[in-house]
Amino acid sequence: MNANLESTLSRTLGQALGLPSGASEMALARADREQLGAALMHSLTGQNLLSPADVYRIVPRRTWIRRKAEARLSRGEFDGLYRLVRVQTLAELVFGDAARAQAWLHSPKERLGGAAPMDFAADTLGFEAVQAWLHEIDQGYFA
């Protein structure tokens, strides 16, 4: 795993979540869950970190509208949205271009049984597989 890539990823995610030390596993574990959820919601609505379709993979549209009014996410919703933001941010760093990352994340892959990486990353096991694949690509393996 490329330490420089992980450092840049942590810093980028930390900014989105309002963590001055970056989004390391320890910083996330120590942070207040409600504050993290509110920061992620603010970043998702203000910075368009994910497309609405990607957000709706985790939080149904009507629930998302209600969550925005409440300015809070459930723990499961936070976890799912954080996974997708992390995968998208990692893909943008690996491919060096947001448009290329989006194209890769949203096109079906034989390796994933015909699923798009963003669909596959919606749960924990799929997320780990897509994240590992992105690290392989960063290390020079074929996409």
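A residue is called buried when its relative accessible area is under 20%, exposed when this area is over 50%, and partly exposed in between, with a 1.4 Å probe and protein chains only. At 45% relative accessibility, alanine 71 therefore counts as partly exposed. This residue sits in the loop between helix H5 (61-70) and H6, and its phi is near 60°, a positive value in a residue other than glycine.

The structure is a predicted model, in which local features need pLDDT of at least 70 and side-chain atom pairs count only at pLDDT 80 or more, while totals for chains, interfaces and linings use all residues. Residues are numbered from 1 along each chain as its sequence is written, and side-chain values use heavy atoms, with hydrogens and water left out.

Taken as a whole, the protein chain holds nine helices and zero strands, where helices (H or I, at least four residues) and strands (E, at least two) are DSSP runs numbered from the N terminus. The pattern read along the sequence is accordingly written α-α-α-α-α-α-α-α-α. The C-alpha trace spans about 45 × 35 × 25 Å along its principal axes. A compact globule with 143 residues would have a radius of gyration near 15 Å, and the 15 Å of the protein chain agrees with this; the radius is taken over C-alpha atoms, and the globule rule is 2.2 Å times the number of residues to the power 0.38. Of the contacts with a separation of 6 or more, 55% are between residues 24 or more positions apart, contact meaning heavy atoms within 4.5 Å.

Buried residues make up 43% of the 143 residues in the protein chain. In soluble globular proteins, nonpolar side chains tend to be buried together. A nonpolar core is a set of buried Ala, Val, Leu, Ile, Met, Phe, Trp, Tyr and Cys residues joined through side-chain atoms within 4.5 Å. The largest such core here has 41 residues, among which Leu17, Leu40, Leu81 and Leu134 touch the most other members. Two or more residues of this core come from each of helix H1 (3-17), helix H2 (25-30), helix H3 (33-46), helix H6 (75-95), helix H7 (98-105) and helix H9 (124-138), and H6 gives the most, with ten residues. Leucine 40 itself, when residues up to four places away in sequence are not counted, touches Ala16, Leu17, Leu73, Phe78, Leu81, Tyr82 and Val85.

Helix H6 also holds leucine 93, which counts as partly exposed because its relative accessibility is 31%. Leaving aside neighbours within four places in sequence, leucine 93 is in contact with Leu5, Thr8 and Leu9. Leucine 93 and leucine 5 are 88 residues apart along the chain, yet their C-alpha atoms are separated by 7.4 Å. Aspartate 79 lies in helix H6 too and, at 36% relative accessibility, counts as partly exposed. The C-alpha atom of aspartate 79 is separated by 15 Å from that of histidine 42, which is 37 residues away along the chain.

Apart from residues up to four places away in sequence, alanine 121 touches Arg83, Leu84, Val87, Gly126, Phe127 and Val130.
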